[in-house]
Amino acid sequence: MKIALIGATGFVGSALLDELLQRGHQVTALVRDPAKLVARDGLRTATADVYDATQVAQAVEGHEVVLSAFNPGWTDPQLHDRFLAGSRAIVAAAQKAHVARLVVIGGAGSLYVAPGVQLVDTPAFLDHVPPNIVPGAQAARQALNELRQETVLNWTFVSPPAMLQPGQRSGAYRLGQDQLLMNGDQPAGISVQDLAVAVVDELETPKHPRQRFTVAN
């Protein structure tokens with residue numbers, strides 16, 4: 001497939017890029033600075049400001065999928081507002097370019113830990129997550145809520161589990177929907193490499209149109 005990847009130089013985006021290229025997909029990475037990416041077979045770059053929907057639309061036109069691992073950066077003092085601004089620009093760009101599919105990597109914070117209770121609102125989350133992370137988790141939840149009102153795009157939102165770390169690519173994972181996945185009484189985790197496997201599997205064999213799903217080992 002021809003896939004436009006946003007966030008290709010980030011923690012999740014770089015794993016997605018590796019998995020996509022390994023499987024033979026043609027990837028256009030939208031970046032501000034193309035020099036940050038090493039030339040590889042199947043990879044091209046396009047210069048675009050993710051906050052500018054017109055620039056993004058021009059860059060993604062002609063692609064089958066827009067895959068977004070966008071994040072302004074956890075240390076951004078305006079993380080909440082910039083996260084939402086970028087997310088909205090990406091949605092608008094995908095609409096404008098008539099891209100068939102939008103897949104967004106979000107956060108675990110909007111997963112439910114009990115009926116009506118999302119992880120981001122629990123004392124455990126607020127007490128144990130660095131304070132600078134919380135606005136991003138709240139913004140990702142709002143971005144999901146806005147996507148759920150979207151009627152034009154065929155979107156999918158992917159929530160990683162509570163624990164996401166560098167590791168090995170095993171190719172094994174289990175799927176969930178809106179609930180936080182657990183290992184016994186502890187939150188489950190996954191390597192970023194296996195998260196990438198699950199996301200690219202979804203691209204190749206869509207199972208979650210206009211839905212959110214989550215994964216864990």
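Histidine 25 sits in the loop between α1 (11-22) and β2. The model is a predicted one. Is histidine 25 buried or exposed? Its relative accessibility is 7%. Buried means under 20% relative accessible area, so histidine 25 counts as buried.

What does histidine 25 touch, once neighbours within four places in sequence are left aside? Its contacts are Met1, Ile3, Leu20, Gly42, Val200 and Glu204. Arginine 212 is another matter. From histidine 25 to arginine 212 the separation is 187 residues in sequence. In space, the two lie 23 Å apart, C-alpha to C-alpha.

Now turn to helix α2, residues 53-60. Four of its residues are buried: Val56, Ala57, Ala59 and Val60. Where do they point? Looking down the axis of α2, the buried residues fall within an arc of 165 degrees, so they line one face of the helix. Which elements cover these residues? The cover includes four strands, β1 (2-6), β2 (26-31), β3 (43-47) and β4 (65-68). It also includes helix α3.

Two packed helices are described by the angle between their axes and the distance between the axes. Helix α3 spans residues 79-96. It packs against α2 at an angle of about 50 degrees. The two axes are 8 Å apart. The angle makes α2 oblique to α3. The crossing of the two helices is right-handed.

Which residues make the contact between α2 and α3? From α2 come Ala53, Thr54, Val56, Ala57 and Val60. From α3 come Ala89, Ala92, Ala93 and Lys96. By type, the contact residues of α2 and α3 divide into seven nonpolar, one polar and one charged. Val56, Ala57 and Val60 of α2 belong to this contact, and they are also among the buried residues of α2.

The last stop is alanine 137. This residue lies in helix α5, residues 134-147. Is alanine 137 buried or exposed? Its relative accessible area is 10%. The cut-off for buried is under 20%, so alanine 137 is buried. Not counting residues up to four places away in sequence, alanine 137 touches Val120 and Phe125. Alanine 137 and glutamate 19 are 118 residues apart in sequence. Their C-alpha atoms are 25 Å apart in space.

Methods: Residues are numbered from 1 along each chain as its sequence is written. This is a predicted model: local features need pLDDT of at least 70, side-chain atom pairs count only at pLDDT 80 or more; totals for chains, interfaces and linings use all residues. Side-chain values use heavy atoms; hydrogens and water are left out. Axes are lines fitted to C-alpha atoms, for helices over the stretch in contact, and angles run from 0 to 180 degrees between N-to-C directions. Angles under 35 degrees count as roughly parallel, over 145 as roughly antiparallel, 65 to 115 as roughly perpendicular and the rest as oblique. A crossing is left-handed if the near helix is turned anticlockwise from the far one by less than a right angle, and right-handed if clockwise. Contact means heavy atoms within 4.5 Å. Ala, Val, Leu, Ile, Met, Phe, Trp, Tyr, Cys and Pro count as nonpolar, Asp, Glu, Lys and Arg as charged, and the others, Gly among them, as polar. Buried means under 20% relative accessible area, exposed over 50%, partly exposed in between (1.4 Å probe, protein chains only). The arc is that of the directions from the helix axis to the C-beta atoms.
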